[in-house]
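Please find below a colleague's note on the model under review. The structure is shown first, and the comments come after.

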Amino acid sequence: MTTREFELHFKRLYLPLGMYALRLVDDADVAEDLVQDAFMKAWLYIGNGDDIDSFSSFMYRTVRNICLTYLRDKHEILDASFIPEVDDDDIDTSFRDARIWRAIDDLPEKCREVFLLSKRDGLTNEEIAEELGISIKTVKNQMTKAFGRLRDALTDGHKPFFLPFL
């Protein structure tokens, strides 16, 4: 595998692997560190001349194993049976989650802020308005704008896209 091929895999898999690791360790900073560790292991593995048949499968297994080690070291789990082997659903879910977060990141700044305060932090429209010093109508308008842009960004053709956390 060339450096360029590795870079392309990194760009395609980094966020989905992060979403997968986050579901396992429940800490975004730790998940990011563990995914970086997994890519370092892969780079060293390739550097030793070892071949990887399916890079994506290899990376998901590596992230799973690194997360297991992390959780064992923290004494949060005793054995690997608490985290099943990676399957297609895990991979699909991590890519879906990554796609959602990319779309949220692409929202205009104020719109994204209002959306995250509502959906991530669970604040009411009134609490958001008070915290940001804006009217409740502005909060509602920003949420409508966010939902519209997310729907547009996450819809494939004419198939509606379900936002699982909403």
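The numbered points below go from the overall fold to individual residues.

1. Basis of the note. This is a predicted model, in which local features need pLDDT of at least 70 and side-chain atom pairs count only at pLDDT 80 or more, while totals for chains, interfaces and linings use all residues. Residues are numbered from 1 along each chain as its sequence is written, and side-chain values use heavy atoms, with hydrogens and water left out.

2. Overall architecture. The protein has 7 helices and 0 strands, and the order of elements from the N terminus is α-α-α-α-α-α-α. Helices (H or I, at least four residues) and strands (E, at least two) are taken as DSSP runs and numbered from the N terminus. Contacts are defined by heavy atoms within 4.5 Å. Among the contacts with a separation of 6 or more, 60% join residues 24 or more positions apart.

3. Accessible areas come from the Shrake-Rupley method with a 1.4 Å probe, and for residues only the protein chains shown count as cover. A residue is called buried under 20% relative accessible area, exposed over 50%, and partly exposed in between (1.4 Å probe, protein chains only). By this criterion, 36% of the 166 residues are buried.

4. Helix α5. Which residues of helix α5 are buried? In this helix, spanning residues 109–119, the buried positions are C111, V114, F115, L116, L117 and S118. The cover over the buried residues of α5 includes α4 (88–105), α6 (125–132) and α7 (136–154). S118 lies in α5 and has a relative accessible area of 12%, so S118 counts as buried. Apart from residues up to four places away in sequence, S118 touches L123, I128 and M143.

5. Salt bridges in total. How many salt bridges does a search of the whole structure find? The search returns 4, where a salt bridge is a side-chain nitrogen of Lys or Arg within 4 Å of a carboxyl oxygen of Asp or Glu. As a general point, side chains of opposite charge can pair when their charged atoms come close.

6. Helix α1. E7 and R4 form a salt bridge, with the closest N and O atoms 3.3 Å apart. The two residues sit 3 residues apart in helix α1 (residues 3–25), so about one helical turn separates them. In general, an α-helix has 3.6 residues a turn, so residues three or four places apart point the same way. E7 is partly exposed at 33% relative accessibility, and R4 is likewise partly exposed at 49%. A network of salt bridges links R4, E7 and K11.

7. K110 pairs with E113 in a salt bridge whose closest N and O atoms are 3.6 Å apart. Because K110 and E113 are 3 residues apart in helix α5, about one helical turn lies between them. K110 is partly exposed, with a relative accessible area of 38%, and E113 is partly exposed, at 33%.

8. The pair R120 and D121. D121 forms a salt bridge with R120, and the closest N and O atoms are 2.8 Å apart. With a relative accessible area of 39%, D121 is partly exposed, whereas R120 is exposed at 51%.

9. Negative surface patch. D26, D27, D29, E32, D33 and D37 form a negative surface patch. Patches consist of residues with over 30% relative accessible area and no salt bridge, with like charges joined within 9 Å and nonpolar side chains (Val, Leu, Ile, Met, Phe, Trp, Tyr) within 5 Å. Lys and Arg count as positive and Asp and Glu as negative, while His and the chain ends are not counted. The place of a charge is NZ of Lys, CZ of Arg, CG of Asp or CD of Glu. D29 is located in helix α2 (residues 28–47) and is exposed, with a relative accessible area of 56%.

10. Where is D26 found? D26 is in the loop between α1 and α2, and D26 is exposed, at 68% relative accessible area. The phi of D26 is near 60 degrees, a positive value in a residue other than glycine. Most residues other than glycine have a negative phi.

11. Residue T62. Is T62 buried or exposed? T62, placed in helix α3 (residues 55–73), is buried, with a relative accessible area of 11%. Leaving aside neighbours within four places in sequence, T62 is in contact with A38 and K41.
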